[in-house]
Amino acid sequence: MSVKHSLPGDIERTSLAIIARELAARGIEIPPEHQAVVHRVIHATADFDYAASLRFTPGAAARGAAALAAGGTIVTDTNMALAGVSKPALARLRGAAFCYMADPAVAAAAKAAGTTRAVAAMGHAAAAHPGAVFAVGNAPTALFALCDAMEQGDFRPALVIGVPVGFVNVVESKERLMEVCQRLGVPAIAAMGRKGGSSVAAAICNALLYTAAGQLDPAARGW
C-alpha cells in the first residue's frame, strides 16, 4: 500500500478539501463566516453532525477572531484543551492562554465553597481576564458559572465557546449560554446537544487563531 499524503500540511489541506466536498454532496451550505470553525471541528472529530449542531450568535466568529488578533487571552476549562491550542499562533498574535483547574488556590476555593473546581476556576478567570475568550469543553458547571457572572455583574467576555460533552446538565448549560449571551449581546459559539469535548474547544480556538493570524492555509504556518 502506498501512502499518498504524508506531510502535515498536505494532510490537513487534503482533509479540509474532503470535508468541503462531503458537505456539498450532502447539500449542506455553511455560511462563509462560520466555515473556518465548522470545517476545523469536523476535521478534529470526523463528525459531520457538527455542521448542524454548531450555533453562533450574530458575528461571534468574527468578534472572537478580532479579539485574538488584538492579542487577546484564551481561558480553557481543561488542561487538555489548553494543550490543543496552537501556541505558535498565540505567539504570533502576542496572545496568551490559561487554565486554572490545577491551581492550588482554585482547589482550595472550590473546597471552601463546596462547589466544583470548574466553577471556582471560572470565577477566578472571570476576575483575572474579564475580556478573554472562554472555551469550555468539559464542564457544564463552568458554563453555568459564566452565565451567572454575566447576569449578576458587568462581566462581558470577548467570546464564550460552549462545547461540554456528556449526559448531565450538558444540553441545559448550552441552552442557557445561548439565551444569556443573545440577551446580553455577548458573542457565543456552542455545540448544541450532548456532543463536544476538549478537542472541539481547542479546534474552535485554533480556527479563530488561524483566521486572526492569516494562517488558515497550513502553508502560512510553514507546513
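Guide: Ala-46 has its place in the loop between helix H2 (32-45) and helix H3 (50-53), where helices (DSSP runs of H or I, at least four residues) and strands (DSSP runs of E, at least two) are numbered from the N terminus. The model is predicted, so that local features need pLDDT of at least 70 and side-chain atom pairs count only at pLDDT 80 or more, while totals for chains, interfaces and linings use all residues. Residues are numbered from 1 along each chain as its sequence is written, and side-chain values use heavy atoms, with hydrogens and water left out.

Visitor: Why is Ala-46 called exposed?

Guide: The relative accessible area of Ala-46 is 65%, and the term exposed is kept for values over 50%, with buried meaning under 20% and partly exposed in between (1.4 Å probe, protein chains only). Ala-46 is therefore exposed.

Visitor: What is the phi of Ala-46 near?

Guide: Phi of Ala-46 is near 55°, a positive value in a residue other than glycine. Most residues other than glycine have a negative phi. Arg-94 also has a positive phi, near 60°, and its place is in the loop between helix H6 (87-93) and strand E3 (96-99).

Visitor: What makes Arg-94 count as exposed?

Guide: Arg-94 has a relative accessible area of 75%, a value that falls in the exposed class, so Arg-94 is called exposed. Pro-58, in the loop between strand E1 (54-56) and helix H4 (60-69), is likewise exposed, with a relative accessible area of 73%.

Visitor: Why does Glu-151 count as partly exposed?

Guide: Glu-151 belongs to helix H9 (residues 140-152), and because its relative accessibility is 36%, Glu-151 counts as partly exposed. Leaving aside neighbours within four places in sequence, Glu-151 is in contact (heavy atoms within 4.5 Å) with Arg-176, Val-180, Arg-183 and Leu-184.

Visitor: Why is Phe-134 called buried, and which residues does Phe-134 touch?

Guide: Phe-134, in strand E4 (residues 133-136), has a relative accessible area of 0%, so the term buried applies to Phe-134. Not counting residues up to four places away in sequence, its contacts include Val-75, Met-122, Ala-125, His-129, Phe-155 and Ile-161.

Visitor: What makes a set of residues a nonpolar core, and how many residues has the largest one?

Guide: Such a core is a set of buried Ala, Val, Leu, Ile, Met, Phe, Trp, Tyr and Cys residues joined through side-chain atoms within 4.5 Å. The largest nonpolar core has 43 residues, and those with the most contacts inside it are Leu-54, Ile-74, Ile-161 and Ile-204. Helix H11 (residues 198-213) supplies the largest share of this core, ten residues. Another core, of 30 residues, lies apart from it and has Ala-110, Ala-118, Met-122 and Ala-125 among its members. In soluble globular proteins, nonpolar side chains tend to be buried together. Ile-74 touches, among others, Val-85, Phe-98, Val-133 and Leu-209, not counting residues up to four places away in sequence.

Visitor: Why is the chain said to be as compact as a globular protein of that length?

Guide: The chain has eleven helices and six strands. Its radius of gyration is 17 Å, close to the 17 Å that the globule rule gives for 223 residues, so the chain is as compact as a globular protein of that length; the radius is taken over C-alpha atoms, and the rule is 2.2 Å times the number of residues to the power 0.38. Of the 223 residues, 49% count as buried, and among contacts between residues at least 6 apart in sequence, 68% join residues at least 24 apart.
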